[in-house]
Amino acid sequence: MHRVRLAATLTAVLLTALTGCGGSDAEYAPLRHPFRGATLLVDTDSPAAHWRDDHHAAWLDPIARTPQAHWLTGPEDLADLRPYLAAARARKALPVVVIYHIPNLDCAGPDGGGASGPAAYARFVRRVTEVLGDSRAAVILEPDGVAAECFDDARARMLAEATRTLADAGHHVYLDAGHPHWRAAEETAERLHRSGIARAEGFSVNVANRQSTADSHRWGRRVSDLVGGREMVIDTSRNGLAAPPGDQWCNASPQALGQPPTTEPRLDRVAALLWIKNPGESDGPCGRGEPAPGVFSPAQARALIAAAPWLPAAARGAAAQASPPGDSD
C-alpha cells in the first residue's frame, strides 16, 4: 500500500512538472469550447428512430428523439457518416462523432476487431478527417483506449498521431479517459499526456458505463488538474440509477437513462453532458440470452426509459405498459 501511495505521489510530482502546475499556453493548444452555445443533433436515421417509426412506438421517444453520438467502428461506417453530417449542417448542429477502431480493440487481439495495425489505423483516421471535411466535429477518440490493460507506448503513439491529425484539421478531440472506478487520476493523466492530450480539447468520462455524474465529475476534475485544465464531457446515457456492483461490461440490470444531453451543464470544467453510448444498444450477453454487442435492443430501451427517475411519470408509464418488444422484431 505504501508503494502504491509513493508511486501515485511521484506520478503527481512528475505531471506537475510537465504541466507547469496546470499547464500553459506554450504547452497546450488553446481551448476552443466547441459546445458553448452549440445545438446537438437528433439523428432521425438512428436504429432507435427507425424502430420507433417502423413500430409506431411513441413510447421510445425519450431515446429516439434525444441527441446522441454517431459511432465509427470501421471503414464501412463512413458511408453513413455523410448523411449524418449533412443533417448536422442543415440544422446548424455540432456533429459528435466517436472513433472506435484502434488495433487490439478491447485488448481482444487480432480477432477482436479494430484496425489491423498502426498504419491501417492512421489511414482510417485520415479518411475520417477527409469525410468530416469542414464540419468541425467534436470527436470522442477511442472509448477505453487509454484506460485499457493493453495500453502501451505503441498505442500512445497511435492516439497522439490521431489527435494531431484531427486537431490540425480543425476538429475538437476528446480523448477517452475511462471512468472513476477504473484507473487512478494520476495514472490516467500520465497516459493522457502520452496520448497527445496537449493537442486535444479535453477528455471524455464514463463512456458506455454507469458511474454517476457526480462521481465522474469529481474524478474528472482531478484528472483535469493534471492535464492543464482540459475540459471533459461526461456520458450520462445510462447512469440514471446507481451503478451495478462489479465490473459489468455486459448488459447490466437494473439500469436507467441518465440526465439528458446539455451544452450548459453548469459544472466546473464540464463542456457538456452527452449521450455518447447509444441507449438501447446491447453491450453483449451476460449469460441471459441478450443480443450481441452493437445490436439495438427494444427490450433494453424499454427498461431504460421505464426506470429513468428524471422522466415524467407519463413517459415512464408509456414504456412500462407497452407490449414487451422482442429483440428480433
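# Salt bridges and sheet architecture in a predicted model

## Salt bridges

A salt bridge is a side-chain nitrogen of Lys or Arg within 4 Å of a carboxyl oxygen of Asp or Glu. The structure discussed here is a predicted model. Under this rule, the count in the model comes to 20 salt bridges. One of them joins Asp53 to Arg52, whose closest N and O atoms are 3.6 Å apart. The two partners can be described by their accessibility: Asp53 is partly exposed, with a relative accessible area of 43%, whereas Arg52 is buried, with a value of 15%.

A further salt bridge is formed by the side chains of Arg183 and Glu187, with an N to O distance of 3.7 Å. Here Arg183 counts as buried at 13% relative accessibility, while Glu187 is partly exposed at 30%.

## A network of charged residues

Asp283 and Lys277 also form a salt bridge, and their closest N and O atoms lie 2.8 Å apart. Asp283 counts as buried, at 12% relative accessibility. Lys277 is buried as well, with a relative accessible area of 6%.

Which residues are linked with Lys277 and Asp283 in a network of salt bridges? The network consists of Arg210, Arg238, Lys277, Glu281 and Asp283.

## The parallel sheet

Seven strands form an open sheet, arranged in the order β1-β2-β3-β4-β5-β6-β7, and their pairing is parallel. Strands β1 (70–72) and β7 (270–274) stand at the edges; each has a single partner strand, so one side of each is left without a neighbour in the sheet. On average, neighbouring strands of this sheet are turned by 25° against each other, direction ignored.

Within the sheet, strand β5 (residues 202–205) pairs with strand β6 (residues 231–235) in the parallel sense, over four bridges. Gly202 has Glu231, in β6, as its bridge partner. Helix α4 (residues 78–90) packs on the sheet, where it touches β1 and β2 (96–99). The direction of helix α4 makes about 155° with that of β1.

## A buried charge without a salt bridge

Side chains of opposite charge can pair when their charged atoms come close. Asp176, which belongs to strand β4 (residues 172–176), provides a case without such a pair: Asp176 is buried yet has no salt bridge. How far away is the nearest side chain of opposite charge to Asp176? That side chain is Arg155, and the distance is 9.3 Å.

## Pro260 in a loop

Pro260 is located in the loop between β6 and β7. Is Pro260 buried or partly exposed? Pro260 is partly exposed, with a relative accessible area of 30%.

Pro260 and Leu274 are 14 residues apart along the chain, and their C-alpha atoms are separated by 7.2 Å. When residues up to four places away in sequence are not counted, Pro260 touches Trp275 and Trp310.

How values were computed
Residues numbered from 1 in each chain as written. Predicted model: local features only at pLDDT ≥ 70, side-chain atom pairs only at ≥ 80, totals over all residues. Heavy atoms only, no water. Pairing = 2+ DSSP bridges. Helix = DSSP H or I, 4+ residues; strand = E, 2+ residues; numbered from the N terminus. Axes fitted to C-alpha atoms, helices over the stretch in contact; angles between N-to-C directions. Contact = heavy atoms within 4.5 Å. Buried < 20%, exposed > 50% of the residue type's maximum accessible area, 1.4 Å probe, protein only. Lys, Arg positive; Asp, Glu negative; His and termini not counted.
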